[in-house]
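Here are some notes from going through the model, chain by chain. Keep the viewer open while you read.

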Amino acid sequence: MAPDTLSAALLIARKDLAIEFRTRTAFFSAAVFALLGIVIFYFAWDPTAVASIDLAPGVLWGIFTFSGLLGLQRSFSLEQADRAIDALLGAPISRESIYLGKAIANLVFVTAVQVIAIPAVELFYGVPLLEHAAVLALIALLSAIGLVAVGTLFSAMAVNTKLAEMLLPVLSLPFFVPIVIPAAQATARLLAGRPAAEGLGWLKLLLAFDIVFVVACMLAFPYTIEE
Amino acid sequence: MSDGSRAGNPVISTRGLGRRFGGRVAVSDVTLALEEGDCLALFGPNGAGKTTLLRMLAGLLRPTNGTGTVAGVELPGGLELRAAIGYISHASMLYAALSARENIELTARLFGVRDPRAAAMRALERMALADRAEMPVRQLSRGMQQRVSIARATVHGPRVVLLDEPFTGLDDSGSAALGAHLAALRAAGTTMVLVTHQIAEGLALATHAAIMRGGALVRLEAGDAIDPATYLTVYREHVSYGA
Amino acid sequence: MTTPSVPATATDAASVQRTGFDWLFAISVLAIAAALARVIYYTPFEAVQGPAQKIFYLHLPAALDAFMAFGVVALAGVGYLWLGDLRLDRAAESSAEVGVVFTTVVLVTGPLWARPVWGTWWTWDARLTLTLFLWFIYVGYLVLRGAIEDRALRARYSAVLGILGSLLIPFIHLSVYLFRTLHPRPIVIKPSAPSLPPEMLTTLSISFVAFTLFYLALVRQRYRLASERDLLELEEGR
């Protein structure tokens, strides 16, 4: 009996994470990239003119999308290298399970980068992010789901084009705008000590984005691999 | 080979099978029938449509024309068809960072094989690779990788094995080992389609041989009618002048 | 809008249909000329903004038609995934390209208007920002098309991106809009007054019809070009 969609997805996600754990290349480069970005952005502004509390949310979520791209780029080039994707396509599992499995692995990846980036922003910018750990974790999770939903699909498409990974940022970044804006705005409310209810609208927007694009991308995925 | 000439239930049968990409015709009007234990060697120049045909039989590619049945499932097939197929190509389809055993075990799990770990080890033993089971695939030689790839593709005991130039990149001893294994599979009743450039290796295994050119089968015959000594000449004639 | 020359050897059959007078194109050009004449000579100056406001008769119809163009891209995409008919993909391709041109017109005329009225070339006004992102999305769409050799794959991926792009538009609009309303700007002059005087509304309607005709004419020409290219690829056996 072949596994159902969720079990197959978990098998694929576990496989991706095992590969990442063995090689660690993508995670380290994404984490170092995030740290570098956070540091460089600090020096790109005059700290006496712009308060770091105003700067931190934008930097955090801007860097989040860029470092996320590093993980997403790898997601399907991994499958392409020795045409391992053909082995997945040839298995008696639903196409959705392949998308879901890749997306779950990518979600773990970007979340792990966040776990490093958020304390780094707190440290370097001196802002009390971790005080609001629970709400911040919610913002991070909602943003990560949206980013991964779209990014996983585009990663699958990009590897089959002449431009390969170079195409991924061009396709993805416009889709990350409605993620970065709400995430940064909600975080800014949080840091300014405003009541949590003020950020609620932004969180709803993130949630709506996640629902729409998880469904749409899962429906679209079979068209990007089936011939 | 011509359909109807034999009794029995064909494992692979197609009628007028074809595939267009946009406006380009990759495969057209392929009609064939193969029974249990048959092995069709499929020859032809690059771009003749061999891989496209194979991918249609594997359920990886949707036919645009004609009909076909593979392992009792109507093409384009679905989960049920894919469960009955082992697909091997010149690309290893393996993850270089994972061990041979992990690669095969993943496939076994995705195919719902009982006790996947033991099944993976048995598949490796059949390929005489049990001692390399825990080695990352990237550390294995090309020939060994190809053997792992075959172990992976056959771990679920498929009724039909489709091979796309499996001899590519193998040295003589690798080719011989692969040939021996495929002969064993065939003897066990597996139906095979073997796409290859190596005419001698292909004919050694084949019960049927076919030449493909410009998307169509231009010659198709049963094994007893093939004279390996002259087939290369026949092949060259068809590929250069045949229509 | 002339069709580029195609090597005569390959497409003699196809070239037959493309010669001939493009009446739709001619009509649309005349309509645009008429609309502009009316804008310049027969429509009064807006009291506050003066002559600069007249660019609005170019700006808004271009924006509306750009939206329509991208709507066509999305619908043709859904249709293609459903039916697999390459004609729908050619329609999407043509509409996307013309839509990008119209969006460019919006992005050029917006700052031209904003400079005298708002005192700045660029402003992160919600609608202008949305238009900028539309431009990015559909330029990305065209880049994607250019990066895929296989005809059917190109059609499929384009359809997917065209559909997702249309789903993205409301989200970008909403987040940019909320972003703006939460950061009120000192100068707020709405580019469109709630109700226009009838004369201006008539001019606007005429201009919109003219631009829509122009859109249709361009898409038709572009579609023919796409058909010929597909035919050419077919004959070359690609």
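1. A word on terms before counting anything: helices here are DSSP runs of H or I with at least four residues, strands are runs of E with at least two, and both are numbered from the N terminus. Bear in mind too that this is a predicted model.

2. With that in hand, chain C is quick to describe. It has seven helices and zero strands. Reading from the N terminus, the order of elements is α-α-α-α-α-α-α. Of the 238 residues in chain C, 35% are buried. As for contacts in chain C with a separation of 6 or more, 82% of them join residues 24 or more positions apart.

3. On to chain B, where there is a sheet to look at. It is an open sheet of four strands, ordered E2-E1-E4-E5, and the pairing is antiparallel. Which strands stand at the edges? Those are E2 (24–34) and E5 (73–74) of chain B; each has a single partner strand, so one side of each is left without a neighbour in the sheet.

4. Staying with that sheet, have a look at how E2(B) is held by its partner. Strand E1 of chain B, residues 12–21, pairs with E2(B) in the antiparallel sense, over seven bridges.

5. The axes of H5 (residues 142–154) and H6 (residues 172–187) of chain B come within 10 Å and cross at roughly 15°. Angles under 35 degrees count as roughly parallel, so H5(B) is roughly parallel to H6(B). The crossing of H5(B) past H6(B) is right-handed.

6. What do these two helices put into their contact? From H5(B) come B:Gly143, B:Gln146, B:Ile150 and B:Thr154, and they meet B:Gly174, B:Leu178, B:His181 and B:Leu185 of H6(B). By class, the residues of this contact of H5(B) with H6(B) are three nonpolar, five polar and no charged.

7. Last, the contact between chains A and B. How many residues does each chain bring? Chain A brings 22 residues and chain B brings 25 residues. On the chain A side, the elements giving two or more residues are helix H1 (5–23) and helix H4 (84–90). H1(A) gives the most to that side, with seven residues. The side of chain A that touches chain B divides into 14 nonpolar, two polar and six charged residues.

Key:
Residues numbered from 1 in each chain as written. Chains lettered and ligands numbered in written order. Predicted model: local features only at pLDDT ≥ 70, side-chain atom pairs only at ≥ 80, totals over all residues. Contact = placed C-beta atoms within 7 Å. Nonpolar A, V, L, I, M, F, W, Y, C, P; charged D, E, K, R; others polar. Axes fitted to C-alpha atoms, helices over the stretch in contact; angles between N-to-C directions. Parallel < 35°, antiparallel > 145°, perpendicular 65-115°, else oblique. Left-handed = near helix turned anticlockwise from the far one by under 90°. Pairing = 2+ DSSP bridges. Buried ≥ 20, exposed ≤ 12 C-beta atoms within 10 Å, placed from the backbone.
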